[in-house]
Amino acid sequence: MAPVLPLVLPLQPRIRLAQGLWLLSWLLALAGGLTLLCSGHLLVQLWHLSTFLSPSCPFAALPQVALAAGTVALGTGLVGAGASRASLDAAQYPPWRKVLGPLLVAGTAAGGGLLVFALGLTLALPGSLDTGLEEGLGTALAHYKDTEVPGHCHAKRLLDELQLRHHCCGRHGYKDWFGVQWVSSRYLDPSDQDVVDRIQSNVEGLYLIDGVPFSCCNPHSPRPCLQSRLSDPHAHPLFDPRQPNLNLWTQGCHAALLGHLQSLASTLGSTLTVTFMLQILVLLGLRYLQTALEGLGGVIDGEGEAQGYLFPSGLKDMLKTAWLQAGVAHRPAPEEAPAEEAPPKEGLPEA
Amino acid sequence: MALLKVKFDQKKRVKLAQGLWLMNWLSVLAGIVIFSLGLFLKIELRKRSDVMNNSESHFVPNSLIVMGVLSCVFNSLAGKICYDALDPAKYAKWKPWLKPYLAVCVLFNIALFLVTLCCFLMRGSLESTLAHGLKNGMKYYRDTDTPGRCFMKKTIDMLQIEFRCCGNNGFRDWFEIQWISNRYLDFSSKEVKDRIKSNVDGRYLVDGVPFSCCNPSSPRPCIQYQLTNNSAHYSYDHQTEELNLWVNGCRAALLSYYSSLMNSMGAVTLLVWLFEVGWARWGEGRGIHLPLLDLMNGWDLRQAQESAVSLLQTSPQLSCGSDRPKFE
């Protein structure tokens, strides 16, 4: 019954371990805090952009899981700092002895599990943004003119502000506006021949024009913005529709939003990775410290050499012990209680 | 005879020393806060110096920066004096410098109060700078091919979009200047020729505004040209239309932004000033700083009280605290 990965820890290395662990725990708490901030920021951005993402897009699950993982990491960091500080002080350690075992189990299971899940989501979810944005932006463009329809009256303002802030126009380019009626029928003069012609020129009876809203305009352009009659080469002096249009934003809002959200997700991913690595280190260090101090019977300043280990026995032995223990609990009068039930069974991760 | 006898035992002295040490470091932190406020204001003014004709006064941010640095220096010096005061030899070295140091502290507090007042009073000069700067900015809006002014169009457009404003006092300011460059005018068109002939300077004036004046909250697509002609647009009345363009002028918008910035900075500086003055008054009122230091040096109690009384009679204030907490 050899302990798994044992490490001999005399007094000085134990003290060094405790001090290093204290530092790492505070770093973990900091990383947990950063994760919380990043995921909070991503949640806020998603809330602002909720009109442009279809409701069925699962992307919002990522910041929520990351929020939970960050909280657990913060808690682990604080516990680690407290425990390693207490392990250097004989008066403060006894209350920690009982609590440390279950806390380690909880930290490994909850914290580790959540972090791995969050990392997995960071890799898998950004792919679903594509379809979500496609649907959402399409709906927003179609409802741009519906400023008096309840439920869609904010679409115009939100889409204009999106195009102004993210420097984009239309879904994939400015020509998307040519295929959508973005001028409400309330502002169309029914007696105007041009209006009537345009409405009759297509099957659905939409008023389609080769113009774009003002929010597509690019302030960096040297000339005042050209928004209307963009396909007509003779409408404006010195303007050739066949040349790339420097007047308007060239990027589509789909690409702009995708880039924006993906960069936020990758920042969150890197913070999660750092937190994960720090958490592993802190949990390992705490386990070694705990088992070493248990070996000395809880005496902090003991000069003896204690052995720290991960698990008191190998995996097979552990499972056998756990199985027999469960069996013992079921049978009221057991005589063959296994000899392996050696005293300190603290913090055995029996999960 | 002693002023305000205070009984001291070891515990009280230790608590007092710790408190004074904390106050000292809080003062240094306050100095850093003032410094960063001044830096922030300077950067904000620099960002928009284009629309202020590069002639805006940087007096307020510069003085905040200087005050912040001086505050840090003085309070660190105070900490150093009190730290050294626990060692009789070093304290003797500092003793002749104490009176001039206290006088300088008084001057510093007066200067800090004056800077606080300036924060609240700079509004007037900023208003006139902004009025001139914006007028010129709008004049150069069309000169996108003139070196040195080619960025003015972009600056004014981004300003109007960000601050939700149009023109100097309102959108009609755009009717009085030619904001479309001659390069983009079709001189063979009759309409263009009419407009150019209609005024003395031969400028192409339109009743239209640039796109950056448009308000996204308007229910109808933005109307930018022929704003005063009701018949040019269906169901449009320019007298009652409110949501189409931004109604604020950029001068008022920028002025309110900078005023609120400087007011909050003035409030923070006032708080810091009150903290500095209040702490010093408290220390003097108790008359404990110097007797405390003398006690810590192991001097005779009567000697300590006499030295404290003589110092209090000659100097108006003390702003010194011990910064070494003793764990005995």
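Good morning. Helix 4 of chain A and helix 7 of chain A are oblique to each other, because their axes cross at roughly 140° and only angles over 145 count as roughly antiparallel. Please bear in mind that this is a predicted model.

Let me describe that pair more fully. Helix 4 covers residues 129–142 and helix 7 covers residues 253–295, and their axes come within 10 Å. The crossing of helix 4 past helix 7 is right-handed. On the helix 4 side, the contact is made by A:Leu129, A:Asp130, A:Leu133, A:Glu134 and A:Leu137. Helix 7 contributes A:Cys253, A:His254, A:Leu257, A:Leu258, A:Leu261 and A:Gln262.

A:Cys253 brings me to the disulfides. Six are counted over all chains, and one of them joins A:Cys168 to A:Cys253. The sulfur atoms of that pair lie 2.0 Å apart. The link is right-handed, with 85° about the S-S bond.

Finally, the annotation. An unreviewed UniProt entry lists residues 21–44, 64–83 and 103–125 of chain A under "transmembrane region". In the model, residues 64–83 are 100% helix and 0% strand, with end C-alpha atoms 29 Å apart. For residues 103–125, the span is 96% helix and 0% strand, and the end C-alpha atoms lie 31 Å apart. Thank you.

Methods:
Residues numbered from 1 in each chain as written. Chains lettered and ligands numbered in written order. Predicted model: local features only at pLDDT ≥ 70, side-chain atom pairs only at ≥ 80, totals over all residues. Heavy atoms only, no water. Axes fitted to C-alpha atoms, helices over the stretch in contact; angles between N-to-C directions. Helix = DSSP H or I, 4+ residues; strand = E, 2+ residues; numbered from the N terminus. Parallel < 35°, antiparallel > 145°, perpendicular 65-115°, else oblique. Left-handed = near helix turned anticlockwise from the far one by under 90°. Contact = heavy atoms within 4.5 Å. UniProt positions renumbered as here; feature names shortened; annotations may be inferred. Disulfide = S-S within 2.5 Å.
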